Amino acid sequence: MLRKLFRFKGGVEPVTHKSASAQAPIGKHPLPSQLILPLHQNVGARAIPCVRVGETVLKGQRIGAADGWISAAVHAPTSGKVLAIEDRLATHPSGLSTLSVIIEPDGLDTWIERRPLDYATLAPDEVRKALRDAGIVGLGGAVFPTHAKLSAAKSTAMEFVVINGAECEPFVTCDDLLMRERAEDIVHGASIFRDLLEPRRVLIGIEDNKPEAAVAMRRAVETLGFDFEVVVVPTRYPTGAAKQLIRVLTGKEIPSTRRSPEMGVQCFNVGTAYSTWRFVAFGEPLISRIVTLTGNVKIAGNWETLIGTPFGEFVAIGCPKPDTGGFLMGGPMMGFEIPGLSAPVVKACNCVIVAATPLFPPPRPEMPCIRCGACAHVCPHELQPFELYRFSRAKKFDKTIKLSIDECIECGCCAYVCPSRIPLVRYFRFAKSEIAARRKETEKAAATRFRIEGRKKRDERMKAEKAERLQKATAKTSGAGDADATKRALIEAAVERARLQRETQAAKNAETAGNRETALEKNPAVRPNDVAG
Amino acid sequence: MNIIDSVLVAVAVMTLGAAFIGAVLGWASARFRVEGNPLVDKIESALPQTQCGQCGFPGCRAYAEAISSGAPINLCPPGGEAGARKLADLLGREIPVSGVVEKPPQVAEIDEASCIGCTLCIQACPVDAIVGAAKQLHTVVGSICTGCERCAASCPAECIRMRTIPETIDNWKWKPPVFEIRRFA
């Protein structure tokens with residue numbers, strides 16, 4: 001039966017440039033001289049380092065433990081020695097550094113004891129916890145911890161699990177090759193997601209520019225005897241974005257204010273399904289991933305690369321041509337320039353594009369917005385980028401929120417079609433990060449106000465308690481509670497105290513004077529002129 | 001009906017109407033009376049709650065009250081331009097031409113070697129961000145500290161420094177695109 005497909009509004013059809021890297025089978029990237037493992041490779045909390053400098057680690061040993069539920073562990077990709085745990089250049093557009101574990105491989109590649117997960121008998125929550133400790137995160141690029149996505153909403157029955165093999169970004173072919181070569185593992189992984197979420201149907205969406213992958217996946221589903229449905233969807237950027245693929249396959253539209261399980265859908269990347277199965281069936285945590293290397297290189301292709309391989313060593317395998325101008329991570333639509341070749345390949349890294357002038361000419365100057373509306377036509381979320389641009393630029397962020405900037409997925413369609421060459425997404429990212437910072441500030445201000453009010457209340461209470469105590473004490477001394485008598489008694493007590501103090505002081509002074517005199521006898525230069533009395 | 005009568009009727013109708021409306025308004029103002037000034041609450045929630053007093057008023061609440069009775073809106077350095085803009089939007093006022101003094105966010109830090117454990121800073125801290133006891137080393141809980149500098153002023157050993165919060169990956173923000181005009185001229 002042919003599934004009725006839906007359409008999302010907008011989208012663009014850029015040249016895909018996929019064939020260059022999709023010719024050769026997946027290669028195995030050689031062991032690098034050093035591995036740099038940032039401890040923060042997932043959405044959520046940073047992992048806590050759990051090895052010491054100088055310690056010998058085995059391949060697959062946990063080196064960073066998940067901190068809380070929305071977090072994921074980090075593992076040693078090979079055996080070797082921990083050289084340092086320090087801040088290193090992060091694979092991040094900011095060019096800032098982040099806490100990383102540096103491992104020097106010993107070349108032996110000795111595995112830690114691998115134990116398949118007995119997931120048929122384990123409680124679902126135990127399976128989720130195991131996935132968290134195996135460091136499994138979404139490999140489509142968003143790196144959201146997978147275990148946290150594996151719970152159905154209480155209110156809604158799960159209808160669909162969508163396995164995302166659309167891979168709509170130009171240049172990127174890592175999912176394509178993975179589906180062609182390791183389809184059965186992906187299907188097995190999808191079956192784990194199915195068991196945990198219990199949907200009515202599992203849909204595997206693949207764009208129609210990857211016929212080999214679709215055939216391989218269909219064959220795998222048939223061989224393994226699952227009732228999953230492999231659906232070929234039209235090629236149109238950004239079909240591979242989770243919300244768009246869900247829309248195309250199921251017709252459901254998910255607003256930014258709701259999570260997809262609340263609408264009865266959950267979406268996983270094919271790479272995530274693959275690494276989930278590798279962990280469940282073979283006990284291998286997430287220590288490597290397939291990375292596409294393409295663009296201005298002599299040898300383009302896909303390599304299974306250890307997480308933590310420095311980009312310098314990674315790109316060397318493709319022999320970049322001499323006129324190389326820079327390196328992009330991710331696709332040309334949503335990716336960013338790698339801040340330096342010492343930064344490492346991380347879990348989020350699906351593709352490295354070696355850039356050169358003919359491929360990516362330098363951005364031409366931005367021209368004024370002519371409000372032609374081309375951006376609004378292609379926006380897959382039906383926003384008005386030209387209005388968002390106007391208000392982002394003017395820093396009127398409240399207005400951008402009213403125009404639903406939160407719905408923007410930064411796909412870059414608007415900037416792609418803009419005749420004035422305005423880097424619209426850059427403006428939206430700026431506005432969104434400002435908005436996020438302000439929300440955080442507002443939250444902190446509210447917490448602070450709560451603390452201040454609490455302190456004020458406490459001060460008042462303590463004052464009242466003190467007054468009460470004093471009153472009680474005076475009531476005790478006065479007995480009948482006669483105010484004058486109390487006062488008199490207090491005064492008398494004070495006078496008595498003062499007298500006592502005077503006496504002891506006088507005694508002490510006399511003693512000191514005596515001491516001084518003995519001191520004077522010994523050393524006549526000291527004059528006791530400062531001794532009173 | 002002669003003209004005098006119609007004038008009298010008109011006057012009577014107007015008087016009765018005015019009396020009725022006046023009574024309703026008087027009753028409503030007593031019935032739906034709002035305690036305090038709701039505007040002050042709104043202004044206060046737009047202020048950063050550092051309680052630093054750098055505006056010249058003792059705390060954010062006091063400054064909010066002052067703004068509602070006409071004080072300028074650009075006196076809050078921790079709020080910076082963004083804060084002044086928020087106030088301007090809220091009150092429909094313009095940001096004064098003199099601009100806003102910006103101050104980067106900071107936290108207090110106690111030099112452990114010279115802390116004498118006097119507890120004066122603990123008493124000065126409006127948000128209970130300093131922990132410690134008499135004759136024990138004190139320390140600042142950085143995530144709660146608002147950087148108001150009150151503890152620094154209270155310390156007799158001068159061992160509290162204000163440290164600007166550095167830019168990290170977690171608080172990094174995208175910058176708006178800047179094009180060099182000269183390059184393309």
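The legends below describe close-up views of a predicted model. Residues are numbered from 1 along each chain as its sequence is written, while chains are lettered from A and ligands are numbered from 1 in the order in which they are written. Because the model is predicted, local features need pLDDT of at least 70 and side-chain atom pairs count only at pLDDT 80 or more, whereas totals for chains, interfaces and linings use all residues, and side-chain values use heavy atoms, with hydrogens and water left out.

**View 1. An open sheet in chain A.** Four strands of chain A, placed in the order S2-S8-S7-S4, make up an open sheet with antiparallel pairing. Strands, like helices, are DSSP runs numbered from the N terminus, with at least two residues (E) for a strand and at least four (H or I) for a helix, and two strands pair if DSSP finds at least two bridges between them. Strand S2 (35–38) and strand S4 (56–57) of chain A are the edge strands, each pairing on one side only. S2(A) runs antiparallel to strand S8 (97–105) of chain A and is joined to it by 4 bridges, and A:Ile36 has A:Ile102 in S8(A) as its bridge partner.

**View 2. A strand of chain B and its partner.** Strand S1 (residues 106–110) of chain B is largely enclosed by the rest of the structure, because 4 of its 5 residues are buried; here buried means under 20% relative accessible area, exposed means over 50%, and partly exposed lies in between (1.4 Å probe, protein chains only). S1(B) pairs in the antiparallel sense with strand S4 (residues 160–164) of chain B over 5 bridges, and the bridge partner of B:Ile110 in S4(B) is B:Ile160.

**View 3. The second largest pocket.** A pocket is an open set of points on a 1 Å grid over the protein atoms alone, where a 1.4 Å probe fits and protein lies on both sides within 12 Å along at least five of seven lines; its lining residues have an atom within 4 Å of a point. The second largest pocket has a volume of about 1900 Å³, a volume being the space filled by probe spheres set on the points, which are joined across faces, edges and corners. Its lining has 44 residues, and those nearest the centre are A:Pro332, A:Phe360, A:Pro361, A:Pro363 and A:Pro423. Among the elements that each supply at least two lining residues are strand S15 (324–329) and helix H12 (424–478) of chain A.

**View 4. A salt bridge between distant parts of chain A.** A salt bridge is a side-chain nitrogen of Lys or Arg within 4 Å of a carboxyl oxygen of Asp or Glu. The side chains of A:Asp109 and A:Lys59 form one, at 3.0 Å from N to O, and the pair links distant parts of the chain, with the two residues 50 residues apart. A:Asp109 counts as partly exposed because its relative accessibility is 30%, whereas A:Lys59, at 8%, counts as buried.

**View 5. A salt bridge within one helix.** A:Arg180 and A:Asp176 form a salt bridge whose closest N and O atoms are 3.0 Å apart. Both residues lie in helix H2 (residues 174–181) of chain A, 4 residues apart, which is about one turn of the helix. A:Arg180 has 27% relative accessibility and therefore counts as partly exposed, while A:Asp176, at 4%, counts as buried.
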